[in-house]
Every structure is written in structure tokens, then in C-alpha cells.
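Open the model in your viewer and keep the selection tool at hand. This tour goes stop by stop.

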Amino acid sequence: MGDIREPLRELTECGLPQALEVMGERWSFMILRASFNGLHHFEEFLSELGIARNILSNRLAKLVEHGILKRDPCPDDRRKIEYRLTDKGFDLLPAMVALRQWGQKYGAEVSENPVLVDERDRLPIGPTSILSHDGRILGPSDLYLVERKNLGLRADGTRAEPVGSLKAGSVVAIDAARAARDAA
């Protein structure tokens, strides 16, 4: 991945150790999955997940502390609390989908039901991919580490400029991108 390596012993120079500090535990992911599935109340999490009350309380507090969930009073009964995903929590959806797909690919033979689909077409979603700034699908050989000061500086010395960022709903021609990558 280039001429330089990440400082693997330095835990503050990379987002992965920070993310694992918050999410690197099974129950945190299970609570997050339940939140994506519309659960909001302590008792719902408790009964649906089969988690011990003290562990659930601890994990919910940690997810709230880190801004992944927020605590709001229930609109119909202000004495009860709802746990709602924040924008930071919603931004974990691609990671959740990628882990789910990895588990489906390499885990035990499981025929999942219900199936995660595209809302418009109701067909299974495609594989989670690493995309470049312009939508190209990247594989391991396409990844490279550079110093921040060298962002955009190509190997031939020319400078690249960002084309724009992909947003929800952007269309990426996956088959064409894969074919172009494989032809290179």
C-alpha cells in the first residue's frame, strides 16, 4: 500500500482504534442493528436481543456518550426514554452492511430471511465496495498511503483534483468499473 506504513503502535493517528473503542464489542453492534430495525425502548432491546439488563444499560450509555444514539423522552409518555440514532449513528450503516455481507460470505451457510434489499426495486443490495472520489471501485492493489501534504500528487508528479463526492442515490456503474479495473 505504498512506500509508507501507518504508525501501527500509535493509537491516536488512526480512526480504527477509536472506532473499536466505541463499537468493538458484539452487543454494541447488535444494539445498533436493532436501532436500524426500528427499536427505540430499553425494554424492546432487552426482549428482542436477549441481553442482560446491566450489559444493555452499559452499552446504551456508551453509545449515547459517544453520540451514536441520543436519549429523548417519548412523545406519548414523557416519563419513558427513547434511544434514537444520531447522524453519527446512521453513518455506521455502511460498516454494518459490510460486516453483514462478510458474515454471509464467510460464515455458516445461512439463508437470511428477511433479505436486505434496495427499497425502489426490492432486489438484494450489491456488495459493499471501496469507492474512489470519482466512483471507481477500488481493490487492495488500488490503495496507497501518502502523507497528508502529498494528497493528489500522482506518481508521475502531476496533481489530481477531486471530481466530487458521491452521495446517497448516486449511480455507480459497478460492472463497468470492475471491467475497467480488471483491464488495467
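Contact here means heavy atoms within 4.5 Å. Keep that in mind when one element is said to cover another. Note too that this is a predicted model.

**Stop 1: the whole chain**

Show everything as a cartoon. Trace them along the sequence and the pattern reads α-α-α-α-β-β-α-α-β-β-α. Of the 184 residues, 21% count as buried. Take the contacts between residues at least 6 apart in sequence: 47% of them join residues at least 24 apart.

**Stop 2: helix H4**

Select residues 53–65, which form helix H4. H4 has 13 residues. From its first C-alpha to its last it reaches 18 Å, close to the 18 Å expected at 1.5 Å a residue. Which residues of H4 are buried? Color Leu56, Arg59, Leu60 and Leu63 to see them. These four cover an arc of only 100° around the axis, so they sit on the same side of H4. An α-helix has 3.6 residues a turn, so residues three or four places apart point the same way.

Turn to the face away from the buried side. Asn54 and Glu65 are exposed there. Back on the buried side, the cover includes H1, H2, H3, strand S1 (69–73) and S2. Step just past the end of H4 to Gly67, which takes a positive phi of about 75°.

**Stop 3: the largest nonpolar core**

In soluble globular proteins, nonpolar side chains tend to be buried together. Here the largest nonpolar core has 22 residues. Select Ile31, Phe45, Leu49, Leu56 and Leu60, the members that touch the most others. Helices H1 (15–23), H2, H3 (42–49) and H4, along with S2, each supply at least two residues of this core. H2 gives the most, with five residues.

Zoom in on Leu60. Beyond its neighbours within four places in sequence, Leu60 is in contact with Ile31, Phe42, Phe45, Leu69 and Tyr83.

**Stop 4: Glu82**

Move to strand S2, residues 81–85, and pick Glu82. Is Glu82 buried or exposed? Glu82 counts as buried, because its relative accessibility is 9% and the cut-off is under 20%. Show side chains. That of Glu82 makes a polar contact with the side chain of Arg84, at 3.0 Å.

**Stop 5: helix H6**

Select residues 93–106, helix H6. This helix has 14 residues and reaches 20 Å between its end C-alphas, close to the 20 Å expected at 1.5 Å a residue. Met96, Val97 and Gln101 are its buried residues. They cover an arc of only 130° around the axis, which puts them on the same side of H6. Helix H2 (26–36) is part of what covers them. On the face turned away, look for the exposed residues Trp102 and Tyr106.

**Stop 6: Gln101**

Stay in H6 and center on Gln101. Gln101 counts as buried because its relative accessibility is 19%. A polar atom of the Gln101 side chain lies 2.6 Å from the backbone nitrogen of Thr128. Leaving out residues up to four places away in sequence, Gln101 touches Ile125, Gly126, Pro127 and Thr128.

Notes. Residues are numbered from 1 along each chain as its sequence is written. This is a predicted model: local features need pLDDT of at least 70, side-chain atom pairs count only at pLDDT 80 or more; totals for chains, interfaces and linings use all residues. Side-chain values use heavy atoms; hydrogens and water are left out. Buried means under 20% relative accessible area, exposed over 50%, partly exposed in between (1.4 Å probe, protein chains only). A polar contact is a pair of N or O atoms within 3.5 Å; within protein, one must be able to donate a hydrogen and the other to accept it, and residues adjacent in sequence count only if both atoms are side-chain atoms. The expected span of a helix is 1.5 Å times one less than its number of residues. The arc is that of the directions from the helix axis to the C-beta atoms. A nonpolar core is a set of buried Ala, Val, Leu, Ile, Met, Phe, Trp, Tyr and Cys residues joined through side-chain atoms within 4.5 Å.
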